[in-house]
Amino acid sequence: MLDISAVSVAYGQHRALSDAALTVGRGEIVVILGANGAGKTSLLKAIAGIVPCLPGKNVILSGRDLSRLPAHEIVEAGLASVPEGRGIFGELTVAENLLLGANPKRARGSEAARRQQVLSLFPRLNERLPQMVRTMSGGEQQMVAIGRALMSNPDILLLDEPSLGLSPLLVRELFAALRQVRETGVGLLLVEQNARESLALADRGYLIENGRIVGSGTAQALQSDPAVRRAYLGGI
Ligand code: ATP
């Protein structure tokens, strides 16, 4: 469903990403693993149209070319992001954040049904609808951020380190919710440092080093690859 190639990002003289290519299918969870500074966030931002790319970028979603669209039109086309740091409005309530997520035209008219879907995915948001988001725990804020992105009725959801800073219990809860999102046919592309948990969640993965995709495979194959075990799973 999502098919990208030739994605390169430079910040001034610094090349953060070179010629990245990947695919995400309908209802598929794909994880990008890499060390700090490897270029993972730059890759997600490039796909979402948030950072300028070097010429040649191809981003195709369900046959539609998004390569030259501005960020808000990319959301309209069905690609939503949950950025690192969550990108939610702390001074607004949970209910207001969710409503803002339904602003794209593709979501209008189905706000109530989508809100219901988000609240059944994250039942603990139900009691928190009037709460100001900045007063919530990190895990709850992450739920709001994912809920807000889902309100836009996406075909593909990009998530930048959703498990960052969460307790093991909350990570399990969050990843269980992401499995449910997959069941609805949405494709998920996530960046993670938590390799063990995210490979257990994902269908496939890509490895990124120094701005280049250097490997890929099914999550199962990556889990048993000696180099992956050494670099990301703390094993031999
Ligand atoms: P982390 O896991 O630490 O978030 P990452 O894999 O997501 O890292 P990126 O954030 O994509 O990596 O950064 C890749 C490289 O680009 C790094 O060397 C980083 O310092 C550099 N970089 C990122 N954003 C900018 C920017 N706005 N200006 C200049 N350099 C940047």
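Q: How far does a backbone N or O atom of Gly37 lie from an oxygen atom of the ligand?
A: This is a predicted model: local features need pLDDT of at least 70, side-chain atom pairs count only at pLDDT 80 or more, and totals for chains, interfaces and linings use all residues. Numbering runs from 1 along each chain as its sequence is written, and side-chain values use heavy atoms, leaving out hydrogens and water. A polar contact is a pair of N or O atoms within 3.5 Å. For Gly37, a backbone N or O atom and a ligand oxygen atom are separated by 2.7 Å.

Q: Which residues come nearest to the ligand?
A: A residue counts as near if one of its heavy atoms lies within 4 Å. There are 14 residues around the ligand. Of these, the nearest are Gly37, Gly39, Lys40, Thr41 and Ser42.

Q: How far is an oxygen atom of the ligand from an N or O atom in the side chain of Ser42?
A: Look at two side chains. Lys40 has a side-chain N or O atom 2.8 Å from an oxygen atom of the ligand. For the side chain of Ser42, the distance is 2.6 Å.

Q: How much of the ligand's accessible area does the protein cover?
A: The area comes from the Shrake-Rupley method with a 1.4 Å probe. On its own, the ligand has 640 Å² of accessible area. The protein covers 61%.

Q: Which element gives the largest share of the shell around the ligand?
A: Elements are DSSP runs: helices (H or I) of at least four residues and strands (E) of at least two, numbered from the N terminus. Two or more shell residues come from each of β2 (14-24) and α1 (40-48). The largest share, 3 residues, belongs to α1.

Q: How many residues of the shell around the ligand are polar?
A: Gly counts among the polar residues here. The shell holds 4 nonpolar residues and 3 charged ones. Its polar residues number 7.

Q: Which residue forms a salt bridge with Arg124?
A: A salt bridge puts a side-chain nitrogen of Lys or Arg within 4 Å of a carboxyl oxygen of Asp or Glu, and the count comes to 7. For the Arg124 pair, the closest N and O atoms are 2.9 Å apart. The partner is Glu173.

Q: How many residues apart in sequence are the parts that Arg124 and Glu173 tie together?
A: Arg124 lies in the loop between α4 (111-121) and α5. Glu173 lies in helix α6 (residues 168-183). So the pair ties together parts whose separation in sequence is 49 residues.

Methods: A polar contact is a pair of N or O atoms within 3.5 Å; within protein, one must be able to donate a hydrogen and the other to accept it, and residues adjacent in sequence count only if both atoms are side-chain atoms.
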